[in-house]
Amino acid sequence: MSNAVVLGLQWGDEGKGKVIDLLSGSVDVVVRCQGGANAGHTVVVDGKKTILHLLPSGALHEGARCVIGNGVVVDPLALQSELADLDEAGVNLRPRLSVSDRAHLVLPYHKALDAAREAARGAGKVGTTLRGIGPTYQHKMARTGLRCGQVCDSESFRVALSKQVDAANQELAALGADTLALDTVLSEAMPACEAMAPMVCDTAAIVHEAVAADKRLMFEGAQGVLLDIDFGTYPYVTSSNTGIGGVITGSGASHKDVGEVIGIVKAYTTRVGEGPFVTELDEVAGKELRDRGGEYGATTGRPRRCGWLDLVITSFACRLNGVDTIALTKLDVLSSGDDIDICVAYELDGARIDAPPASVEDLARAKPVYEKLQGWSEDITGCRNFEDLPVAAQEYVQYIEQQTGVKVGYIGVGPDREQTICR
Ligand code: GDP
Ligand code: IMO
Ligand code: MG
């Protein structure tokens, strides 16, 4: 097996954590490339659940070096609490974790700004995870951000941090939100930054050395392509490039070295937060699917909005990212016996379209064009071969392959690492 990239092809929560954990058993280095603690990647091994936010999902494999790349926004407080959670589970990740010196820091004022801006947007809110992601990427692009490499010199970092708190307080006050006391920010953030300092280094060099030594790398995407800042449902998106572009700029890997692109697709669609969702089910049917799939956010606990599989967005995501293989997750959740709708196109103002329009207002007006496929009622959670699946389930998978033009190489039939069909 070569290097691989794992990307979500919908609005996040496709099951990336499970697939990365499954495939990273024989991987030398697992690299997070963008996003931050807004992610919630679930790994279930022998029934035991671990949710990773900032840490790469290869963490549970002792042989895997874990890298938080330069494109990630790193909250040192979240990092410490996640490392402590892993300690409790008997995993000390610190000796095999590296954090990029170029990665930007998410500090308490970013989280305060995220909350204050969301409150100010009122009904027009994005529905962010309130993890400070947008304000941190904003400061990065405005060239005023603080980077992980700066924590290694605590005195000058303290001075730089003080200036940023002053600037953030001006905006917080203008938004009518509580301002932050500098002493509190310093006393909260400094110990977490100092604890992180020994892990901070040039992670692009780790990637390059691993490539030169013919080691296997896995690049872990966060969020999903429809949350991408450029190609997602703007402005209801996150603030990073969640596709293949973000993998390259966020890790320092060359495009020649990223390997197979594996796109994760949930067998239906979910979304957390605001924004248009063409195949969203009504309240009753949506709740039924949510309950069957356990669709509650791994980071915020928010109920996820649920709907049928939308092949317009997943095919668009495949095209944008050169997806080689699809991993289809949660097929077991569809085993209700009912027929299954699958969206193959949109209708917008009387015309049939096969890609999402750029305008979110247009997308909100688009109507799904469905094909109806036969359902199945058998419990498939014990299936380990494609041929073991009921014929209707096999046909559902083949239909997705035919419509997207991409092979479905993995099929999830339950949350556990073992509950996977590899074809
Ligand atoms: P991620 O953000 O893409 O890593 O996905 P999340 O962890 O946020 O959400 C996926 C949820 O689905 C988690 O609770 C997983 O344990 C669960 N899951 C993943 N694959 C499967 C599957 O094939 N079947 C079932 N039933 N659950 C799955
Ligand atoms: P994983 O990696 C699902 C959504 C938020 C909100 C929008 C912007 O677990 O798939 P942000 O806090 O990033 O500014 O929020 O993006 N969002 C996610 N939705 N899964 C995620 O990550 C998400 N990360 C952000 O709900 O709509
Ligand atoms: Mg998630």
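Which residue is the bridge partner of Val43 in β4? I looked it up, and Thr50 is the partner.

Some ground rules first. I'm working with a predicted model, where local features need pLDDT of at least 70, side-chain atom pairs count only at pLDDT 80 or more, and totals for chains, interfaces and linings use all residues. Residues are numbered from 1 along each chain as its sequence is written, chains are lettered from A and ligands numbered from 1 in the order written, and side-chain values use heavy atoms, leaving out hydrogens and water.

I found β3 and β4 (residues 48–52) pairing antiparallel over five bridges. Strands here are DSSP runs of E, at least two residues, and helices are runs of H or I, at least four, numbered from the N terminus; two strands pair if DSSP finds at least two bridges between them. Two residues sit between the strands, and Asp46 takes a positive phi near 50°.

**Magnesium.** I checked ligand 3, the magnesium ion: its protein donors are Asp13 (OD) and Gly40 (O), 2.0 to 2.2 Å away. Donors are N, O and S atoms within 2.8 Å of the metal (3.2 Å for Na, K and Ca), and sites may look incomplete because water is not among the atoms. Asp13 is in the loop between β1 (4–8) and α1 (16–23), and Gly40 in the loop between β2 (29–32) and β3 (41–45), 27 residues apart.

Buried or partly exposed? Asp13 counts as partly exposed at 22% relative accessibility, while Gly40 counts as buried at 11%. Buried means under 20% relative accessible area, exposed over 50%, partly exposed in between (1.4 Å probe, protein chains only).
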